[in-house]
Amino acid sequence: MSIYFDIQGLAADNVLSGCILWCSRANSAKGYEMPDRRIIDAQAPQGALREKAVQSATRIVDDPDRDRVDPTLFEELHRAALSADREECIAYLINALNGGLSREDMADYYIPALARRMGDQWCADELGFAQVTIGVSRLQAMLRQLGPEWASDRSADPCAASILLVVPRDVHHTLGAVVLAGQLRRRGLSVRLMLNAHPKEVADRVHRTRYDAVFVSASRGEALESLRLIADAVKTVMDRPPPVVIGGTVLDVHAVNDVMRLTGADYATGHLDEAIEFCDLTTKPRNSATALNRT
């Protein structure tokens with residue numbers, strides 16, 4: 001399963017927090033103050049952007065997990081997330097769950113795919129910033145409805161391995177990180193989600209609390225220098241710092257080895273299992289029913 005450190009193309013490359021959501025991609029030309037993170041494509045002709053969006057949308061079909069996503073339900077949820085009726089999305093969600101779809105599949109496959117679709121449509125100018133913002137907020141509402149116990153560590157085992165999940169400063173959309181935190185918690189890991197994190201704040205957190213790993217969710221527009229400052233903050237605050245792993249769509253525009261070399265991170269990957277294995281984290285699938293009863 002791919003790691004949702006950040007959901008690419010999300011409704012505005014950082015709206016996600018993604019991880020949601022996606023992209024903090026509102027540009028000043030449209031009258032918004034959020035930074036434009038479409039730097040890579042700034043000089044691309046409009047036709048190229050649309051072609052890229054079409055190719056990106058096909059990833060939903062070509063992805064190795066495509067069999068987990070029903071195209072009809074996906075389109076219904078996409079339409080509902082953008083509709084004027086804020087309750088329509090939840091209604092479709094409840095119907096899907098009553099029909100046998102698992103909460104985990106909805107959280108891990110449908111919601112990320114929906115976020116990617118919205119992000120691609122934003123990049124192709126098929127959706128406006130307001131539409132994307134509304135759509136992503138609906139996806140976040142779906143996540144809250146799906147697993148209230150996934151939103152905190154109240155049901156984590158006291159002896160569980162602990163992870164500090166960091167979303168850097170000025171990333172206004174964090175759906176991807178929220179999805180990732182839920183995935184990790186369902187594996188029995190304890191997760192502290194740190195949004196809009198300054199390197200000094202990360203250092204203070206690591207100094208006060210012992211973590212077994214630090215995961216950094218980075219979007220494609222993130223400067224490697226800012227990621228280096230976070231990695232340095234972790235590594236210089238203690239003698240035996242936890243491993244730092246960088247993931248997210250930053251790996252779409254920078255080679256893994258370059259990310260590791262230029263940031264000082266111990267590892268970089270787009271796959272959750274690889275990150276967990278590299279950090280030697282012990283996981284234990286959490287019983288959802290038990291978790292619900294304990295919250």
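Buried means under 20% relative accessible area, exposed over 50%, and partly exposed in between, using a 1.4 Å probe and protein chains only. The views below show a predicted model, in which local features need pLDDT of at least 70, side-chain atom pairs count only at pLDDT 80 or more, and totals for chains, interfaces and linings use all residues. Residues are numbered from 1 along each chain as its sequence is written, and side-chain values use heavy atoms, with hydrogens and water left out.

View 1. Of the 295 residues, 53% are buried. The accessible surface (Shrake-Rupley method, 1.4 Å probe) comes to about 13200 Å², and carbon and sulfur atoms account for 50% of that.

**View 2. Trp122 meets Phe129 edge-to-face.** Rings of Phe, Tyr and Trp (its six-membered ring) pair if their centres lie within 6.5 Å; planes under 30 degrees apart count as stacked, over 60 as edge-to-face and the rest as tilted. The protein has two aromatic pairs by this rule. In this one the ring centres are 5.9 Å apart and the planes meet at 65°, so the pair is edge-to-face. Trp122 is buried at 0% relative accessibility, and Phe129 is buried at 11%.

**View 3. Tyr267 and Phe278 are stacked.** Their rings sit 4.5 Å centre to centre, with 5° between the planes. Tyr267 belongs to strand E8 (residues 267-268) and Phe278 to helix H11 (residues 272-278), so the pair links distant parts of the chain, 11 residues apart. Tyr267 is partly exposed, at 23% relative accessible area, and Phe278 is partly exposed at 38%.

Key: Helix = DSSP H or I, 4+ residues; strand = E, 2+ residues; numbered from the N terminus.
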